[in-house]
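Reader: I would like to go through the terms used for this model, one by one. Please set each value against its cut-off.

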Amino acid sequence: MSHDDSTVSRRGLMKRAGAASAVGLAGLAGCTEGGDGGGGGGGDGGDGTDYPSLGNFPIDGDTATFGFNVPTSGPYSSEGEDELRAYELAVEHLNNGGGWVDEWDDLSGDGVLGYEIDYVEGDTNTDASTAEQSASRMIDRDGVIMFAGGSSSAVAIAQQGLAQREKVMFTCCLTHSNDTTGGDCVRYSFREMFNAYMTGQALTPVVTEEYGDDLDFYQLYADYSWGQTVQESMKMFFEDAGWNQVESVATPLDTSDFSSYLSEAQSSGADVLFLDHYGLDGANSLTDAIDAGIDEDMEIVMPLYNRPMAEAASGAIDGIYGTIAWDSQIDNEPSNSFTEFFGEAYDGRLPSGPAQLAYSGTLQYAAAVERAGTFYPPEVIRQLEGYEYSNIGMGEETMRACDHQAQRAIPVVRGLPESEQGDGSFFEIVDITSRDDVGYGCDEGPAAECELGDYGDE
């Protein structure tokens, strides 16, 4: 199955043909009562309950369309390409069985509620405005019942705001800003990925034990929601541990040459340099720092990174501490099986953390639909709120009802020297911080700023 942003799904063709007449606006998409889906979707939720039209519910026909909006261009394109591989694999397994679908009691491998799953793709270009326009097309033109993606918190926040307005569910993939489930949280979005606040909680004890107490540090950070909240979180947690921030400097997203910023950091007299960059920006800033010999004068910390980013930075990651979403070296049954069937599908390729987030998020949504017995968004949301699970390779987790933030363990890693890299191995896991040691109450931290908004059925 090959899709791109110009593809119109079967649902879109039906709408254009007039099956859902006068549906030109996102808020009116799918306004016909009932449907002929085999799972009893439509206005009948599948359990004999009639639900009103909302967002793109009810579904016309016997196909439910998902939207996958990822960066296949821009500084986070490597992450986006791996997300897309995982999204496509999730659809294959939902329709035909395989992978975790065979292991989850809530999923049948014969579609979702009897509906075949189709999908459309979009390129966010790692840009919030582009992402929102692409997602709007998916809602208006293609009639997606849900959409997912993001490899930038600004992109994810823009999309989840659209999801709330249009009452079409959004599943976050890669977004690490505190704001995603903090001040910008919405009822119609859920996040499995931990945030910058939690990274601070997990990273601080490991790094301070390695490098010592009472050190001065300097931060370079990406100048948008994600980098800003990483900078704030590193400052808070490391200063609480006795360190002192000398300076923090914003850098534009998609910077190719960090030499002038690094020169100022090097002359600051700080003991430690935090590079709060990600994707290609992270690979470039770290490589530039090592090439400039900054590691001879300062320790370097990169709070968040992943396999594609580490591969691009190569030997520059040697000894660099950070956190990751997930990695194939985590040894448990779900992780091992994901690594195996992803590799079988993609010629031995090892999956990245972003791929694991994409695959698991899609299946979690589908399983919630099955438990709800309907695609009606408020009922699916209620199935996910407070849901407890341990089936995606990170141990026991809870999707909190108060802010839609997963409470989960966090891997802390250190980059390997180039001589030890190979077969997809770029870092060693030095700690998997228990979920009991990270997080915060619903009236604390980022959650204190969260007001989810309405379900749409009040």
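**Terms and values**

Author: Three strands form an open sheet in the order β11-β12-β13, with antiparallel pairing. This is a predicted model, where local features need pLDDT of at least 70, side-chain atom pairs count only at pLDDT 80 or more, and totals for chains, interfaces and linings use all residues. Residues are numbered from 1 along each chain as its sequence is written, and side-chain values use heavy atoms, with hydrogens and water left out.

Reader: Why are β11 and β13 called edge strands?

Author: β11 (388–389) and β13 (406–407) each pair on one side only. Strands here are DSSP runs of E, at least two residues, and helices are runs of H or I, at least four, numbered from the N terminus.

Reader: Why is α2 called roughly perpendicular to α10?

Author: The axes of α2 (residues 77–96) and α10 (residues 333–345) cross at roughly 95° and come within 11 Å. Angles of 65 to 115 degrees count as roughly perpendicular (under 35 roughly parallel, over 145 roughly antiparallel, the rest oblique), so the term applies. Axes are lines fitted to C-alpha atoms, for helices over the stretch in contact, with angles from 0 to 180 degrees between N-to-C directions.

Reader: How do you know whether Thr-255 is buried or exposed?

Author: Its relative accessibility is 11%. Buried means under 20%, exposed over 50%, partly exposed in between (1.4 Å probe, protein chains only), so Thr-255 counts as buried.

How values were computed
Two strands pair if DSSP finds at least two bridges between them.
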